[in-house]
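Hello,

Here is the structure I promised to pass on. Please open it first; my notes follow below.

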Amino acid sequence: MGILLSFCTAHLLTTVHVHLEQRLQFTVNKSYFDEKTLTKEDYSSPMEFVQVNAQKKAEEVASRMSDKFDLIIGSDTVIVHDNHILEKPNSNDEAVEMIRKLSGQNHFVVTGVALIFRDGDGADKAGAYGIQSCASALISGINGDYFTVVGLPLHDLCKRLAKWAENCLDT
């Protein structure tokens, strides 16, 4: 089971798309990592800041989930305007002020994503991954028979079994 760390509708819709395309099952699980413990000024760039935040969110969920996951996806997004990082507003008044500040102005959206895989997920598989597990999300395509990649060349096996059955019937 994979875990997505956001309640954002857009993220959930993306998750549904991934689920349908990659046949992965996701569960939403909120991270309780306190984002305010990170000081923006300690990071060399907004990208580094959001990447660390995404990693901390994923690690917090992993610490609570034990081995009940295959993959955890942590993400964090900030807005950068006039070299200042804007995070989630703390109040409605702050949200209105942010919208006023951004209205009609160019700004950047920066998102960091962290992936945490369960240890040992591919330990019993050639190449240390299984196309039928969460690793399928990392594979853009294959050239050949899917079932051969899984570990049992089903098409070839069926042809051989049919030939064997035909020979049995002939004798």
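A polar atom of the Ser31 side chain lies 3.2 Å from the backbone oxygen of Lys57. Keep in mind that this is a predicted model. The Ser31 side chain also reaches the backbone nitrogen of Phe33, at 3.2 Å. Ser31 sits in the loop between β2 (26-28) and α2 (46-65).

Is Ser31 buried or exposed? Its relative accessibility is 11%, under the 20% cut-off, so Ser31 counts as buried. Leaving aside neighbours within four places in sequence, Ser31 is in contact with Lys57, Glu60, Val61 and Arg64.

Two of those contacts pair up with each other. The side chains of Arg64 and Glu60 form a salt bridge, 2.6 Å from N to O. Both residues lie in helix α2, four residues apart, about one turn of the helix. Glu60 is buried, with a relative accessible area of 16%. Arg64 counts as partly exposed, at 37% relative accessibility.

How many salt bridges does the structure hold? There are six. One of them joins the side chains of Glu35 and Lys88, at 3.1 Å from N to O. This pair links distant parts of the chain, 53 residues apart. Glu35 is in the loop between β2 and α2, and Lys88 is in the loop between β4 (84-86) and α3 (92-102). Glu35 is buried, at 18% relative accessible area. Lys88 is partly exposed, at 48%. Salt bridges also link Glu35, Lys57, Asp76 and Lys88 in a network. Lys57 is the residue whose backbone oxygen lies 3.2 Å from the Ser31 side chain.

Asp156 is partly exposed, at 31% relative accessibility, while Arg160 is exposed, at 58%.

Now the nonpolar side. Nonpolar side chains tend to be buried together in soluble globular proteins. Which residues make up the largest nonpolar core here? There are nine: Phe33, Leu38, Tyr43, Phe49, Val50, Val78, Val80, Ile85 and Val110. Helix α2 and strand β3 (71-81) are the elements that give two or more residues to this core. Apart from it lies another core, of seven residues, including Val61, Ala62, Phe69 and Ile116.

Beyond its neighbours within four places in sequence, Leu38 is in contact with Phe33, Tyr43, Phe49, Val52 and Asn53.

Best wishes

Technical notes:
Residues numbered from 1 in each chain as written. Predicted model: local features only at pLDDT ≥ 70, side-chain atom pairs only at ≥ 80, totals over all residues. Heavy atoms only, no water. Buried < 20%, exposed > 50% of the residue type's maximum accessible area, 1.4 Å probe, protein only. Polar contact = N/O pair within 3.5 Å; in protein donor to acceptor, adjacent residues only side chain to side chain. Contact = heavy atoms within 4.5 Å. Core = buried A, V, L, I, M, F, W, Y, C linked by side-chain atoms within 4.5 Å. Salt bridge = Lys/Arg side-chain N within 4 Å of Asp/Glu carboxyl O.
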